[in-house]
Amino acid sequence: MSFIGKFAAALALIGLFIAAGFWALGAYVGGKFKSPDPVTIASGSVAGLREQNRLSAFAASFVAVTTSTVSQYGLSTQKTMITPGTVRYEVDLAKLTAKDVTWDANSKTLGVTLPQIEVSQPQIDLNQIKEYGTGGILSKLTDADARIETANRTAGQQQLVAQAHGAVPMGLARDATRRAIERSFALPLRAAGIDAKVRVRFADEPKDGDSVWDASPSIEEVLKLKPSGAR
């Protein structure tokens with residue numbers, strides 16, 4: 001083989017070594033800087049939400065109007081009480097686990113099942129309570145006023161609780177909580193460059209038949225299936 005031929009062969013061999021080096025470097029860098037794992041990110045989001053303990057994404061104000069009457073000695077007295085109260089709608093995030101979060105790789109959908117919403121006891125501002133009534137002799141001679149006030153307060157509390165559990169405020173509370181949780185999971189995924197949908201339902205809501213709830217593995221199952229040391 002001529003000198004030129006040997007030189008060309010040596011150059012080709014060097015080129016192969018260089019190409020192999022770049023391929024190895026690319027594989028190494030690709031392994032180190034591969035796309036973030038959505039399951040790992042979702043698992044971190046679950047841990048972060050659990051640390052918040054309780055989430056209150058919605059509150060509503062209601063007004064109870066109650067009337068009570070006391071009759072005694074052939075006399076009667078009646079009073080009406082107007083009681084405003086505020087109620088918070090909360091979710092106990094400490095109950096959220098990795099079993100409640102699923103990942104559908106085909107549709108890139110994260111499904112989150114939340115504990116059902118809890119409604120707090122109405123918070124009543126005593127200074128805002130208003131009373132209207134007849135009073136009269138019975139109020140002066142007996143404890144009729146005290147009994148009426150107790151009856152009205154009890155009935156007012158019950159009325160506020162009933163209003164708070166109505167379909168409209170409960171629906172608004174679910175929507176507000178759903179949006180807050182969707183953001184909590186979607187933002188970290190988006191920041192990592194993962195284009196994924198997040199769907200949230202509550203444990204006491206019927207499933208809509210979507211495979212994300214029944215066929216998709218939970219992130220707990222996915223993490224268990226990962227080989228040791230996998231990222």
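Helices α2 (residues 38-52) and α5 (residues 167-191) of this predicted model pack at an angle of about 135 degrees, and their axes lie 9 Å apart. Helices here are DSSP runs of H or I with at least four residues, strands are runs of E with at least two, and both are numbered from the N terminus. The axes are lines fitted to C-alpha atoms, for helices over the stretch in contact, and angles between N-to-C directions run from 0 to 180 degrees. The angle therefore makes α2 oblique to α5; under 35 degrees counts as roughly parallel, over 145 as roughly antiparallel, 65 to 115 as roughly perpendicular, and the rest as oblique. The crossing of α2 past α5 is right-handed, a term used if the near helix is turned clockwise from the far one by less than a right angle, whereas anticlockwise is left-handed.

On the α2 side, P38, I41, A42, S45, V46 and L49 meet I181, S184, F185, P188 and L189 of α5. The residues of this contact comprise 9 nonpolar, 2 polar and no charged. Contact requires heavy atoms within 4.5 Å. Ala, Val, Leu, Ile, Met, Phe, Trp, Tyr, Cys and Pro count as nonpolar, Asp, Glu, Lys and Arg as charged, and the others, including Gly, as polar.

Residues are numbered from 1 along each chain as its sequence is written, and side-chain values use heavy atoms, with hydrogens and water left out. Because the model is predicted, local features need pLDDT of at least 70 and side-chain atom pairs count only at pLDDT 80 or more, while totals for chains, interfaces and linings use all residues.

Salt bridges, in which a side-chain nitrogen of Lys or Arg lies within 4 Å of a carboxyl oxygen of Asp or Glu, number 12 in the model. One of them joins the side chains of R54 and E118, with an N to O distance of 2.5 Å. This pair links distant parts of the chain, with R54 in strand β1 (residues 54-72) and E118 in strand β5 (residues 118-119), 64 residues apart. R54 is partly exposed at 34% relative accessibility, and E118 is partly exposed at 27%. Buried means under 20% relative accessible area, exposed over 50%, and partly exposed in between, with a 1.4 Å probe and protein chains only.

Two further salt bridges lie within helices. In helix α4 (residues 144-164), R153 and E149 are 4 residues apart, about one turn of the helix, and their side chains meet at 3.0 Å, N to O. R153 has a relative accessible area of 35% and is partly exposed, as is E149 at 30%. In helix α5, D175 and R178 are 3 residues apart, also about one turn, and the closest N and O atoms of their salt bridge are 3.8 Å apart. D175 is partly exposed at 36% relative accessibility, whereas R178 is buried at 17%. Elsewhere, salt bridges that share partners join R54, R88, E90, D92, K95 and E118 into one network.

Most residues other than glycine have a negative phi. N53, which is not a glycine, has a positive phi of about 70 degrees and is placed in the loop between α2 and β1. With a relative accessible area of 41%, N53 is partly exposed. K108 likewise has a positive phi, near 50 degrees. The loop that holds K108 runs between β3 (101-104) and β4 (109-114), and K108 is partly exposed at 46% relative accessible area.
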